[in-house]
Amino acid sequence: MSKQKERIRKKKQQENRSHRLIVLGIILMLVAGLWIVLSNRQPRNNSVPPISRLTTRDFHSLAFSPTEPDTIFFGHHNGLLVSQNAGKDWEPTTLSDADAMALAAPLSNPQIMYAAGHEVFYKSTDAGRTWTIVTTDLPGLDIHGFAVDPENADRVYAHVVGFGIFSSEDGGIKWTKLSDTVPPSAYNLAVGENPESLFVAAGQAGLWHSLDGGQTWAKVNQSPDEGAVAVTYVQANGNLYVTTLGDAAGLYVSEDNGQSWKAMGLKGTLLAIAVSPLDPNHIVVVNDQGEVFASRDGGVTWLDK
């Protein structure tokens, strides 16, 4: 009987050891799977610290003042905020309850500003202090992309959802249709080195370029990553900036009109970018969490609070 008990005891020990090994194997598999998921996840911005965090429900557009180097405007679905200290603190403006999906402030006339969005088209003639609705002959006002010629405050471009891309030479009152065949989901428009050169960030459809003032468009095949969210061109130095959506989502710059690109050290989903017309090394970016990032040296380093 004692030998039988000993055999039973050893059998139970073996069974317990097998159970422990199975449990340990399952734990190791779960840990390995979690490590793979985390290692493949796109880090938001690595160790880059934000200078502030916006608390609005969405994050759409940024624009520098053409005359005040530390004044920055931020547009969202419910209006416009302004920072007087380069993006560290934000306060409301007189433009509220309006979708400021796109902002434009031409250097040629610092008093002029535009704000456009879903059923919204406003203009300011006093540098953003007050705003008036612009009465236009556009076929619709669901404007998903808007830009102004930096050298001509009256020449503006708009992508009207369902109707195409239009241009105006009188500040947005009378418009001329440029193209029906626009890139899908044209979220962001930018004027390039001259009024004939236009760029559009078209979401998952990527970055597109027109060389004839918006009449025809071609995809920029040398894009640094999949998709394009925000795009801006800097007249002072010829730099083209774009934010992307793919596995390497982040901020990129091109010094040759989109032929080659360099990563700027910011990663994640970046929804808006602005570069100061007074100092092309001053860059401000906001991501999908409302975090605001700033650089004073052209993106070589990013500021802390």
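**View 1. The buried aromatic pair F59 and F74.** In this predicted model, both F59 and F74 are buried, a class defined as under 20% relative accessible area, with exposed over 50% and partly exposed in between (1.4 Å probe, protein chains only). The ring centres of F59 and F74 lie 6.4 Å apart and the planes stand at 35 degrees, so the pair is tilted; rings of Phe, Tyr and Trp (its six-membered ring) pair if their centres lie within 6.5 Å, and planes under 30 degrees apart count as stacked, over 60 as edge-to-face and the rest as tilted. F59 belongs to the loop between β1 (52-53) and β2 (61-64) and F74 to strand β3 (residues 72-76), so the pair ties together parts 15 residues apart in sequence. Strands are DSSP runs (E, at least two residues), numbered from the N terminus. Residues are numbered from 1 along each chain as its sequence is written, and side-chain values use heavy atoms, with hydrogens and water left out. Local features need pLDDT of at least 70, side-chain atom pairs count only at pLDDT 80 or more, and totals for chains, interfaces and linings use all residues.

**View 2. The aromatic cluster of Y114, F121, F146 and W175.** Within the tilted pair F121 and F146, the distance is 5.5 Å centre to centre, with 55 degrees between the planes. F121 in strand β8 (residues 120-124) and F146 in strand β10 are 25 residues apart, and both are buried.

**View 3. The open sheet β10-β11-β12-β13.** Its four strands pair in the antiparallel sense, where pairing requires at least two DSSP bridges between two strands. β10 (143-149) and β13 (176-179) each have a single partner strand, so one side of each is left without a neighbour in the sheet. Five bridges join β11 (residues 152-160) and β12 (residues 164-168), and A158 stands opposite F166 in β12.
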